[in-house]
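Okay, everyone, thanks for coming. Let me put the model up on the screen, and then I'll walk you through it.

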Amino acid sequence: MLSKDIGIDLGTANVLIYVKGQGIVLNEPSVVAVDAKDKKILAVGEEAHDMLGRTPGKVLSIRPLKDGVIADFDLTKDMLINFIKKIKGINIISRPRILICCPSNITKVERTAIKEAAEATGARKVYVEEEPKVAAIGAGLDISKPTASMVIDIGGGTTDIAVLSLGDIVTSKSIKVAGDLFNQDIINYVKDKYKLLIGERTAEDVKIKIGTVYLEDKKEKMNIRGRDLTTGLPNEVTITSKEIYEALKESSFKIVAATKDVLEDTLPELSADIITSGIVLTGGGALLHGIDKLLYNELKVPIVIANSPLTCVAEGTSIMLDNIKLIDKN
């Protein structure tokens with residue numbers, strides 16, 4: 001069996017794996033369920049995610065990545081090994097090359113940890129590339145030209161903002177404001193206003209169904225259930241899009257502020273290109289209602305949501321793996 005190169009989008013919320021010649025073969029949550037006593041792994045991915053907030057005391061559901069980087073090296077390594085075994089990506093005969101993605105502006109130590117976690121799966125060689133660069137390629141941008149392209153990749157743990165030209169990142173910024181913080185904002189809002197404690201999965205559901213960062217054309221409501229902090233009993237309240245807008249307002253404007261910082265650090269000639277070509281949004285956060293309109297109103301620059309924002313990084317790895325000789329040369 002010949003080895004098949006593998007691309008991995010190692011996200012805080014989800015792991016996507018691309019296999020050359022097969023496409024995206026795995027898309028599962030970055031969650032590991034372990035025995036609290038001996039730390040033995042009980043489940044990974046979708047099965048472990050289903051246990052979040054529902055496990056007995058002897059079972060822990062853990063997300064081994066935080067803010068786009070490895071918080072628990074051993075669990076991240078074991079999670080990757082399990083995922084690659086699941087797709088039958090590595091065996092004694094087949095030891096593929098792996099291209100794995102990381103946030104921009106991480107430390108050398110964090111970058112090394114990501115590389116070592118991938119190497120522990122048995123790969124023949126590991127390449128590490130920055131997510132906004134790979135996301136831009138996956139979104140269909142030609143970053144090889146001397147003109148500027150700009151991407152905002154809103155993931156689970158981080159938002160990566162980058163201006164690219166001549167095949168590389170010219171200026172960038174990574175902030176720890178993304179999907180996970182949006183969920184926490186909703187949890188905190190409901191807790192403060194209604195004295196109701198809800199879980200992460202409920203907050204995620206609210207964000208997807210009625211969440212918005214641009215209020216004008218979103219007026220919906222839904223019932224949510226949780227534990228009443230006053231009585232300790234189960235309770236239900238009705239929450240509206242307007243309330244979720246208020247919950248997410250501060251965090252969403254941090255993304256606006258970070259984007260302005262990157263634009264201010266961009267060379268005038270490249271800034272002129274961005275006014276023409278616009279900014280492309282990738283990552284799961286690109287699907288948050290109104291994020292494109294908010295950015296356009298605040299930046300006065302055209303905003304385009306990628307055709308498949310959730311898979312841009314994984315699709316970008318496929319293009320880079322097709323040109324692996326260029327990566328080797330670099």
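So, helix 6 gives the lining of the largest pocket its largest share, 6 residues. Before I go further: this is a predicted model, so local features need pLDDT of at least 70, side-chain atom pairs count only at pLDDT 80 or more, and totals for chains, interfaces and linings use all residues. Numbering starts from 1 along each chain as its sequence is written, and side-chain values use heavy atoms, with hydrogens and water left out.

Back to the pocket. Its volume is about 970 Å³. Of the 44 residues lining this pocket, the ones closest to the centre are A13, N14, E204, G284 and L310. For anyone wondering what counts as a pocket: on a 1 Å grid over the protein atoms alone, it's an open set of points where a 1.4 Å probe fits, with protein on both sides within 12 Å along at least five of seven lines, and lining residues have an atom within 4 Å of a point. The volume is the space filled by probe spheres set on the points, with grid points joined across faces, edges and corners.

Who else contributes? At least two lining residues each come from strand 1 (6-10), strand 2 (14-19), strand 3 (23-29), strand 11 (149-154), helix 5 (179-194), helix 6 (200-210) and helix 10 (312-322). Helices here are DSSP runs of H or I, at least four residues, strands are runs of E, at least two, and both are numbered from the N terminus. By class, the lining has 16 nonpolar, 17 polar and 11 charged residues. Nonpolar is Ala, Val, Leu, Ile, Met, Phe, Trp, Tyr, Cys and Pro, charged is Asp, Glu, Lys and Arg, and the others, Gly among them, are polar.

Now look at strand 1. Are its residues buried or exposed? 5 of the 5 are buried, so strand 1 is largely enclosed by the rest of the structure. Buried means under 20% relative accessible area, exposed means over 50%, and partly exposed is in between, using a 1.4 Å probe and protein chains only. Both faces are covered, with I6, I8 and L10 buried on one side and G7 and D9 buried on the other.

Next, strand 1's partners. A quick reminder: strands of a sheet pair through backbone hydrogen bonds, either parallel or antiparallel. Here, two strands pair if DSSP finds at least two bridges between them. Strand 1 has 5 bridges to strand 2, running antiparallel, and D9 has L16 as its bridge partner there. With strand 9 (residues 97-102), strand 1 runs parallel through 3 bridges, and I8 stands opposite I100. Strand 2 then carries on antiparallel to strand 3 with 6 bridges, including V19 with G23. That's another hairpin with 3 residues between the strands, and G21 in its turn has a positive phi of about 90°.

Strand 14 is held to strand 15 (residues 221-228) by 2 bridges, and L197 has R227 as its bridge partner. Contact means heavy atoms within 4.5 Å.

Last stop, two single residues. K115 is in helix 3 (residues 108-119) and is partly exposed at 35% relative accessible area. Not counting residues up to four places away in sequence, K115 touches V126 and V128. V304 sits in strand 18 (residues 303-305) and is also partly exposed, at 42%. Leaving aside neighbours within four places in sequence, V304 contacts I279, V280 and L281.
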